Amino acid sequence: MSHNTFGHLFRVTTFGESHGPMIGGVVDGCPPGIRLDLATIQGFLDRRRPGQSRYTTQRREPDAVRLVSGVLEAEDGGLVTTGTPIGLVIENVDQRSKDYSKIADRYRPGHADYTYDAKYGLRDYRGGGRSSARETAVRVAAGAIARAVIPGVSIRGALVEMGGDPAKGRDFSIAGDNPFFAPDAAAAERWAERLDAARKAGSSLGAVVEVQASGVPAGWGAPIYGKLDQDLASAMMSINAVKGVEIGAGFEAARLSGEENADEMRMGPDGPVFETNRAGGILGGISNGAAVVVRFAVKPTSSILTPRRSVTRAGEEVNVSTTGRHDPCVGIRAVPVGEAMMAIVLADHFLRHRGQTGREGAVGAPPGAARGGVERGG
């Protein structure tokens, strides 16, 4: 299996399966001298960790990360990067492979069972193997390292819609105060009822996640084949169960006139200021200094108790009902994963910008950089 690496200068490679002894990865291209705090990295992993509420899978994984290369202990006890590849491992401790014995020769509708078998001639039925969202824990750890490369950038995500019910508020500061990463307390209450009903019915719900990055200066990205929004779209689409990505106003822009869609500019004390942000902080593939805004759609979890028609590997038509421990809404734990992928892309583009222009591209809006809000359409 190829294509396990993402990024150009800041590169992340992951390995491991859902029910193997461990998952892990290598972060290559991280500059030397970057201060890392293991507790901070673990804190990001804890936000994604399963089994923390009845709304996520009850698999009990501590997700304790170990950095096994690429760092040295500093005099104050902290860690500093050496510039060499950073190896990290997370042990799997709560696998229950027997939960999947009944579907060993059956293709689960909505899963990658059939396509993996069609491509490789075999598949790991134990939790999906490599196709499992378990792999995303490594991305979150790598994203924590990426954040240390761009400390002036603030990245925050939230679940802004669940089961077709959008959050009306957009207070991302409260997104960590509820089990749904909801930016709206009233929405969190509604979603709790909806998800309880879906879970008890043996079903699942889809969701929409929004990730914002503020403090990105104008100039990151490149035209044509190195666009910042191109790489962000690729990064978010690589997350398990994601079926759509939009930047800024996204598909809504197709319903606007040219006058409505254009973000008007005024001169501020430090340079141009955008009055709206329908572009999502990116113009021509290059950041414009406004907040970078990305949303992605997550399909309902395919592992459900409700029987669905399918076939076996031998071609027999059967009904498939998936037991075991699964997220009734995989979009919830996709929030910290989306933040991590945003951080990885931005760290990569920061290094590419510095390499091409010879400038640091200082994080935080420098004189002449544009700034703007994060509202979607207005």
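Visitor: Which residues of strand β19 lie on its covered face, and which on its uncovered one?

Guide: A strand can be read face by face, and in this predicted model strand β19, residues 317–320, has V318 and V320 on the covered face, while E317 and N319 make up the uncovered one.

Visitor: In which sense do β18 and β19 pair, and over how many bridges?

Guide: Pairing is read from the bridges between two strands, and here β18, which spans residues 308–311, pairs with β19 in the antiparallel sense over four bridges. Within that pairing R309 stands opposite N319, a residue of the uncovered face of β19. The hairpin of β18 and β19 has five residues between the strands, and in this hairpin G315 takes a positive phi near 95 degrees.

Visitor: Which polar contact does the side chain of E246 make with another side chain?

Guide: The side chain of E246 makes a polar contact with the side chain of R295, at 2.8 Å, and a polar atom of the E246 side chain also lies 3.1 Å from the backbone nitrogen of F251.

Visitor: What is the mean pLDDT of the chain?

Guide: The mean is 88, and 88% of the residues reach 70 or more. Over residues 362–378, however, the pLDDT is below 50, although this stretch has 60 contacts in the model beyond near neighbours in sequence.

Conventions:
Residues are numbered from 1 along each chain as its sequence is written. This is a predicted model: local features need pLDDT of at least 70, side-chain atom pairs count only at pLDDT 80 or more; totals for chains, interfaces and linings use all residues. Side-chain values use heavy atoms; hydrogens and water are left out. pLDDT is the predictor's confidence in each residue, from 0 to 100. Contact means heavy atoms within 4.5 Å. A polar contact is a pair of N or O atoms within 3.5 Å; within protein, one must be able to donate a hydrogen and the other to accept it, and residues adjacent in sequence count only if both atoms are side-chain atoms. Buried means under 20% relative accessible area, exposed over 50%, partly exposed in between (1.4 Å probe, protein chains only). Two strands pair if DSSP finds at least two bridges between them.
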